Amino acid sequence: MRFLTQPTIMKNPNPRVPLAAVVRFRPSESGRTRIDIRDPDRRWSVEFGPDRLPAEGLPILGMRPDRDHELRVTLISESGAEATAPGSLHYRTPPLPSGHDFPHGIRVNRDDRSRREPGVRLLSVHRIPRGRYNEWSKEMVDFGFSWGVIVALDADNEVCWYYKTDSFLEGIDRLGNGNLIFHRWDFHTFEIDMLGNTVNQWYAAHRPQGPAAGAIAVDTAGLHHQPKEMPNGNFLIFTASAREIDDYYTDQYNLDAPRRRALVVGDGVAEMDRGTGELLWEWSAFDHMDPFRIGYGGTDDYWALRGFEGALDWTHGNGATYDARDDSVIVSLRHQDALVKVDRASGGIRWILGEPTGWGPLADRVLKPLNLARWPYHGHNPRMTPEGTIVFFDNGTWGARPPKPPVPPERNFSRGVEYCVDEEKMTVEEVWASDTHFSPSSRHSPDMGDAHKLPRTGNMMVVWAHCVAAAPGQVYSNKDSSGAFFNDFYMPSLLREYARNGSSEVVFELELHDPEETINWGMYGGLMIPSLYPD
């Protein structure tokens, strides 16, 4: 085995992933390739199988910014014989972007390396101006929603990869083929490889922004939040539709206020064919639930921020997970303060995990609590575990349903929680929670957030997208002038990893903050992967 052409290295042609590089050469025969890499701080190796053709390029991932790297390339034959290219390759990575073009305030407060989950930590990061959303200028809206980045941290909590895009990102996941999938604020979903190249993309055909070049159109107005890959390779997605409803609420604080005809958005879930974008199965909350069961947030500006002026936000679906055991879907409806399990065959609601009032004919579907510290309020992004439990980020936002007065933001808390549902007894048990009551260590994220049960250690990773300040007199709605809006204040974001040892012991804590405290950096969610390399 020998080199027909000597190895070369070049920067990644895709500028969205600037810390990656590509090595190319031609070997005399098929075999494996090992590349030994060193920088001033460490040494490591990566190996590629015979299915990876060096002439087409081998990705070099995991390099830290602003460093010199030396690489040695070795061919390995089927018999195990090795041939190393003479000389070394040298490559310097670029520095990280300056200013508010990158989250520089990554601070690790605790790190018990012997007990945390091994691997690479991916963070979905956004930036937003402070202040009330309805008072933002166009420049402020663009600053917050026309930028996003996925950041990877290695075992030493150093930035070792990132992907930059021109939209707020709504979550990330790794697919079965090793690629990443993420959804953008502009109703546009991307599948990318680890060099940042777009492999597939889908968009909502009726979105306000119009068509997306090169993407598959999906027949909905609101392809939103994070898609989930199903066992058959298709995607479980969120859709949205709007209906004109007479005599609808105008004031979430006073349900007796005068009503009017309103454009109301309700959410749905669907199975989307990966290759065509066709919706193979659909379910709409409008067909199975009462649109007059209103929750806090239903009259706020969410859909206006997304381009649908005047639309009210009845359900605000924000996460779904597939249960392969019985072909069902568990849907998070934020403004209903509930998780709802939907039977795919009939479309019927099997159970409701949430605030028990106002369900009318569905009242017998509400699960009975066994040891819940509280009902979940305005939660986010449920996930089924291999054990059949449900992991969920319970934001706790508002802490009540109209007309009951809300809990002030500064006195509230968010948490990661794991539920076990007994469908025969129609009960729900809380088997783990990061918090059970408000305490000095509690943190509150009014929106977004994430929770994972990690595969190797069984630890729990919980992400607070923003942490509310301790200042008194805050309100949740940017339309509420009775107090200060929570986003008026500086808010860092937080990630904690907890050991599952019968308690909630923190083994890792990372804080994302702005050193100047002028903007709010947020983490929509996070993900642990064994390696940047898919295989």
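This is a predicted model: local features need pLDDT of at least 70, side-chain atom pairs count only at pLDDT 80 or more; totals for chains, interfaces and linings use all residues.
The surroundings of Ile35 can be listed in detail. Leaving aside residues up to four places away in sequence, Ile35 touches Val23, Trp44, Ser45, Val46, Phe48, Leu58, Ile60, Leu71, Arg72 and Val73.

## A five-stranded open sheet

Strands E13, E14, E15, E16 and E17 form an open sheet, arranged in the order E13-E14-E15-E16-E17 and with mixed pairing. At its edges lie strand E13 (169-174) and strand E17 (216-218), each of which pairs on one side only. From one strand to the next, the twist averages 20°.

Strand E13 runs antiparallel to strand E14 (residues 180-184), and four bridges join the two. Within this pairing, Asp173 stands opposite Ile181 of E14.

## Salt bridges across the sequence

Side chains of opposite charge can pair when their charged atoms come close. With a cut-off of 4 Å between a side-chain nitrogen of Lys or Arg and a carboxyl oxygen of Asp or Glu, the count comes to 48 salt bridges. One of them joins the side chains of Arg127 and Asp101, with an N to O distance of 3.9 Å. This pair links distant parts of the chain, since Arg127 lies in strand E10 (residues 120-128) and Asp101 in the loop between strand E8 (89-92) and strand E9 (106-111), 26 residues apart. Arg127 counts as buried at 9% relative accessibility, whereas Asp101 is partly exposed, with a relative accessible area of 26%.

A salt bridge also forms between the side chains of Glu271 and Arg344, at 2.8 Å from N to O. Glu271 belongs to strand E20 (residues 260-272) and Arg344 to the loop between strand E25 (338-343) and strand E26 (349-354), so the pair ties together parts that are 73 residues apart in sequence.

Because Glu387 lies in the loop between strand E28 (380-384) and strand E29 (390-394) while Lys453 lies in strand E32 (residues 450-453), the pair ties together parts that are 66 residues apart in sequence. Here Glu387 is exposed, with a relative accessible area of 53%, and Lys453 is partly exposed, with 28%.

## A charged network

Salt bridges also link residues into a network, whose members are Asp39, Arg42, Arg64, Asp111, Arg113, Arg116, Asp154 and Asp156.

## Cysteines

A disulfide is a covalent bond between the sulfur atoms of two cysteines. The structure holds zero disulfides. Among its cysteines, Cys160 is buried, with a relative accessible area of 2%, whereas Cys420 is partly exposed, with a relative accessible area of 32%.

Terms used:
Residues are numbered from 1 along each chain as its sequence is written. Side-chain values use heavy atoms; hydrogens and water are left out. Two strands pair if DSSP finds at least two bridges between them. Axes are lines fitted to C-alpha atoms, for helices over the stretch in contact, and angles run from 0 to 180 degrees between N-to-C directions. A disulfide is a pair of cysteine sulfur atoms within 2.5 Å. Buried means under 20% relative accessible area, exposed over 50%, partly exposed in between (1.4 Å probe, protein chains only). Contact means heavy atoms within 4.5 Å.
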